[in-house]
Amino acid sequence: MSAFELPTNPLALHPRTRRQNRYVYAVRARRSRGISIGVNLDPQKTCNFDCVYCEVIDRREIEKGTPRPAIAVDEVAKELTEELSLHRRIAPSYEADPVRDISFAGDGEPSTFRGFLPLARALFDVRDAAGFRDVPFVLITNGSGLAREEMRAAHDLFTERGGAFWIKLDAGTEEFYRRICRTAVPFGHVLANLREAARRHPVVVQSMFLRWKGAAPGASEIAAWAGRLADVVAAGGRLSLVQVYTVARETMEPDVTALTAKELEGIAAVARAAVPGIPVETFS
Ligand code: SF4
């Protein structure tokens, strides 16, 4: 069985399996190379980006102006407790991959949630009480909400208790960013948030590249993107890893297709030259 084929046990699951849950699910994830427990703070799928490669949000299904509901901390904590308990009880019966991380990801942008910090604190407590203290939390974010004070404090919390921020950077220029991420959030805002977060604690950068309407990103765009990474480092930011990946599943936009492993390696080589000493991994 290859690393990412579906196994026949109920724990190693892809796509997401939530059972009766509203917020917590399990997924077999390329990026974590094993089981990732996901915490989805946005079942209503409101995101301030509209990435062409998004796999979870179909704008046609979203009613404009739908208010984002408050997160029930107790409910999320209960679901996470049950999910971890399931993995603790059943995983040894199977040759299952271990739980690699617990990620705030899902169908929207977690860094924009008011009340993220108390929720994160509660879930760290759940993790520790369930005996998964060694499993890190990961915040997968487009970076747009990281300038908020509670997100800065959350970054401290993640660092102190075992976790990391994984921040998206899919472009080197404003024009390309607008074409791929289709958001009103200014590119400069996202770049500043990435830089400041990396100055606070080491971060992982996640970069998605793809073929859009038949065209791969040009050499000048990739050079600009690598230059943005170098800018972060030059400003005193610390990058623990750069992940270069491409689409692996069906996306909402039919004009999106995957790059080849060779193309990803070419992009990674540009990054390695721009930020020597920083690990750059590809996921094709
Ligand atoms: S930031 Fe994530 S959830 Fe939001 S549109 Fe982009 S891929 Fe989808």
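**Close-up views of a predicted model**

**View 1. Helix H7 and its packing partners.** The buried residues of H7 pack against helix H6 (219–234), strand E8 (239–245) and strand E10 (280–283). Helices (H or I, at least four residues) and strands (E, at least two) are DSSP runs, numbered from the N terminus. This is a predicted model, in which local features need pLDDT of at least 70, side-chain atom pairs count only at pLDDT 80 or more, and totals for chains, interfaces and linings use all residues. Residues are numbered from 1 along each chain as its sequence is written. Look in H7 for Glu263, Leu264, Ile267, Ala268, Ala271 and Ala274, its buried residues (20 or more other C-beta atoms within 10 Å of their own; exposed means 12 or fewer, partly exposed in between, with C-beta atoms placed from the backbone). Down the axis of H7 these buried residues fall within an arc of 140°, so they line one face of the helix; the arc is that of the directions from the helix axis to the C-beta atoms. Exposed on the other side of H7 are Ala261, Lys262 and Ala273.

**View 2. The largest nonpolar core.** Among the 75 residues of this core, Val39, Leu229, Val244 and Ala271 touch the most other members. Domain 1 (1–166) and domain 2 (169–284) both contribute residues, so the core lies between them. Such a core is a set of buried Ala, Val, Leu, Ile, Met, Phe, Trp, Tyr and Cys residues joined through C-beta atoms within 7 Å, and the domain bounds come from an automatic or database domain assignment. Beyond its neighbours within four places in sequence, Leu229 is in contact (C-beta atoms, placed from the backbone, within 7 Å) with Val205, Leu239, Val242, Ala271, Ala274 and Val275.

View 3. Phe176, Tyr177, Ile180 and Cys181 are the buried residues of H4 (residues 174–181). They cover an arc of only 105° around the axis, which puts them on the same side of H4. Their packing partners are helix H5 (187–200), strand E7 (211–212) and H6. Just after H4, Arg182 takes a positive phi of about 45°.

**View 4. Arg133 in its loop.** You will find Arg133 between helix H2 (116–129) and strand E4 (137–141). Arg133 counts as exposed because it has 12 C-beta neighbours inside 10 Å. Leaving aside neighbours within four places in sequence, Arg133 is in contact with Arg127 and Asp128. The C-alpha atoms of Arg133 and Gly162 are separated by 8.0 Å, although these residues are 29 apart along the chain.

Key. Contact = placed C-beta atoms within 7 Å.
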